[in-house]
Amino acid sequence: MATADTGYGAYSYARGVARAIRQALRRSGILGECERLDAEFEDKILEELLDLIARHPDITMDTIDWFVSNNFNVVVGRFSAGAAFSTVVGPRVGLPTTGAAAWGDATTAVERGVNTVEGMVEAVIGGVINEMKEKINNCECVY
């Protein structure tokens, strides 16, 4: 099981980067006006969540401790993938890419209805997004 969890963690790094690219395309309007508006709305929710996390560092650290303790191999896989990528391409590219992976998973989590510290920690630290609610659609467009 440890190997599968570590593999999932490594995979989640690449998926997070892909999600960041998708979010950047959404925000730019390339994917359409509705996606741009939805992305802006979701960014406001993410901003509120990050503010909540910043105002409650004890709860956030307890949540991180719990997640890492219960998903250690996933976290090892995700962080190892980031470290390996940074080693190959250099830290000038690798470090921002690691941040992009976290951002991509955070924005996708909000898009899927995550609105808790726990959900955000799971998304950013482990690439795990458990909420599978329908996509937030703040626009009148038909998809």
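At 55% relative accessibility, Lys44 counts as exposed, where exposed means over 50% relative accessible area, buried under 20% and partly exposed in between, with a 1.4 Å probe and protein chains only. Lys44 has its place in helix H2; helices (H or I, at least four residues) and strands (E, at least two) are DSSP runs, numbered from the N terminus. The model is predicted: local features need pLDDT of at least 70, side-chain atom pairs count only at pLDDT 80 or more, and totals for chains, interfaces and linings use all residues. Residues are numbered from 1 along each chain as its sequence is written, and side-chain values use heavy atoms, with hydrogens and water left out.

**Overall architecture**

- The protein chain has six helices and zero strands, and its pattern along the sequence reads α-α-α-α-α-α.
- Of the 143 residues in the protein chain, 39% are buried.
- Among contacts (heavy atoms within 4.5 Å) with a separation of 6 or more, residues 24 or more positions apart account for 68%.

**Helix H2**

- The C-alpha atoms of Lys44 and Val110 are separated by 9.8 Å, although these residues lie 66 residues apart along the chain.
- Glu48 also lies in helix H2, which covers residues 33-55, and Glu48 is exposed, with a relative accessible area of 58%.
- Glu48 and Asn115 are 67 residues apart in sequence, while 9.2 Å separates them in space, C-alpha to C-alpha.
- Asp43 is likewise found in helix H2, but Asp43 is buried, with a relative accessible area of 18%.
- Leaving aside residues up to four places away in sequence, Asp43 touches Gln23, Arg27 and Thr107.

**Helix H3**

- Helix H3 (residues 57-70) has 14 residues and reaches 20 Å from its first C-alpha to its last; this is close to the 20 Å expected at 1.5 Å a residue, the expected span being 1.5 Å times one less than the number of residues.
- Thr60, Thr63 and Phe67 are the buried residues of H3. They cover an arc of only 65° around the axis, which puts them on the same side of H3; the arc is that of the directions from the helix axis to the C-beta atoms.
- Asp58, Asp62 and Ser69 are exposed on the other side of H3.
- The cover over the buried residues of H3 includes H2, helix H4 (72-89) and helix H6 (117-126).

**Helix H4**

- The 18 residues of H4 should span 26 Å at 1.5 Å a residue, and the end C-alpha atoms of H4 are 26 Å apart, which agrees.
- In H4 the buried residues are Val74, Val75, Gly77, Arg78, Ala81, Gly82 and Ser86. Their arc around the axis is only 165°, which puts them on the same side of H4.
- Phe72, Thr87 and Val88 are exposed on the other side of H4.
- Gly90 follows H4 and has a positive phi, near 95°.

**Helix H6**

- H6 is mostly covered, since eight of its 10 residues are buried: Val117, Gly119, Met120, Val121, Glu122, Ala123, Ile125 and Gly126.
- Gly119, in helix H6, counts as buried at 10% relative accessibility.
- Gly119 touches Val114 and Val128, not counting residues up to four places away in sequence.
- Gly119 and Asn130 are 11 residues apart in sequence and 7.4 Å apart in space, C-alpha to C-alpha.
- Just after H6, Gly127 takes a positive phi of about 70°.

**The largest pocket**

- On a 1 Å grid over the protein atoms alone, a pocket is an open set of points where a 1.4 Å probe fits, with protein on both sides within 12 Å along at least five of seven lines.
- The largest pocket has a volume of about 170 Å³, the volume being the space filled by probe spheres set on the points, which are joined across faces, edges and corners.
- Its lining residues, which have an atom within 4 Å of a point, are Tyr13, Arg78, Phe79, Gly82, Ala83, Thr98, Gly99, Ala101, Ala102, Val124 and Ile125.
- H4, helix H5 (91-111) and H6 each supply at least two residues of this lining.
- By class, the lining has seven nonpolar, three polar and one charged residues; Ala, Val, Leu, Ile, Met, Phe, Trp, Tyr, Cys and Pro count as nonpolar, Asp, Glu, Lys and Arg as charged, and the others, Gly among them, as polar.
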